[in-house]
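Dear colleague,

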Amino acid sequence: MSVKDNIEKLRKQVPQNVKIVAVSKFHSTDEIMEAYNDGQFYFGESRVQELEVKQPQLPQNIEWHFIGSLQRNKVRFIAPFVTLIHSLDSERLMREINNRAEQSNRIIPCLIQLHVANEETKSGFTPDEARAFLDSGNWKQYANVQLCGVMGMATYTDDKEQIRSEFKMIKSLFDEFKTKHFANEDSFREVSMGMSGDYPIAIEEGATIIRVGTLIFGER
Ligand SMILES: *Cc1c(COP(=O)(O)O)cnc(C)c1O
């Protein structure tokens, strides 16, 4: 199956109101163009160096989502163009994104990355760290960053009930934060969860954005 066939098949399984981010890490600009020519405009990358090389070579109306763990010393390379950073995981990172956004005269939308999986290797705020971060109110001073919701990953497991309960946790944290801190902010509305192996469960549990690589582009 071609990239085009894969995307068209995926679109049939995903409700209109759920945004599909095509995760193109390790895939070529030709493969990205195949998706783009089929009407795919949102792409996700997880490494700054890779994104920095690809972005200038590809159509400028592509919306680039940064989904990988982001080092502060690399923020400046993506700040001029990135559409949404899914991986905000500390106040120090937020401060750096804010500074670089200001230099680019931009407001950069970001998602609070939550660590709910049962895996040490995954990054993000634990639920209590995220609560403390939002309760502190410190984030309000970073006027060039707009908090737009949450992102999370489920544990890599075959246990569907575990995956479901982790997605439920992400959605319930989103609801909690929305009520407590963003009730009047329409822009705080995104729940980014679900990948090739678990996106149907994520959609059932309230995802507004799914991040799909393998199902679109094949194995990396
Ligand atoms: C690679 C990656 C994905 C996509 O994974 P697939 O299983 O290939 O769909 C989604 N989210 C993040 C954060 C990733 O790093």
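I begin with the backbone. Asn 105 is placed in the loop between helix H5 (91-103) and strand E5 (108-114); helices (H or I, at least four residues) and strands (E, at least two) are DSSP runs, numbered from the N terminus. Although Asn 105 is not a glycine, its phi is positive, near 55 degrees. Phe 26, in the loop between strand E1 (19-23) and H2, is another residue other than glycine with a positive phi, near 70 degrees.

Please note that this is a predicted model, in which local features need pLDDT of at least 70 and side-chain atom pairs count only at pLDDT 80 or more, while totals for chains, interfaces and linings use all residues. Residues are numbered from 1 along each chain as its sequence is written, and side-chain values use heavy atoms, with hydrogens and water left out.

- Lys 25 has a side-chain N or O atom 2.7 Å from a ligand oxygen.
- Ser 196 places a polar side-chain atom 2.5 Å from a ligand oxygen.
- Arg 211 has a side-chain N or O atom 2.9 Å from a ligand nitrogen.

Taken alone, the ligand exposes 390 Å², of which the protein buries 89% (Shrake-Rupley method, 1.4 Å probe).

Finally, the count of salt bridges comes to 15, each being a side-chain nitrogen of Lys or Arg within 4 Å of a carboxyl oxygen of Asp or Glu. One of them joins Asp 38 to Arg 11, with the closest N and O atoms 3.1 Å apart. This pair links distant parts of the chain, 27 residues apart: Asp 38 is in the loop between helix H2 (29-36) and strand E2 (42-45), and Arg 11 is in helix H1 (residues 3-13).

With kind regards

How values were computed: A polar contact is a pair of N or O atoms within 3.5 Å; within protein, one must be able to donate a hydrogen and the other to accept it, and residues adjacent in sequence count only if both atoms are side-chain atoms.
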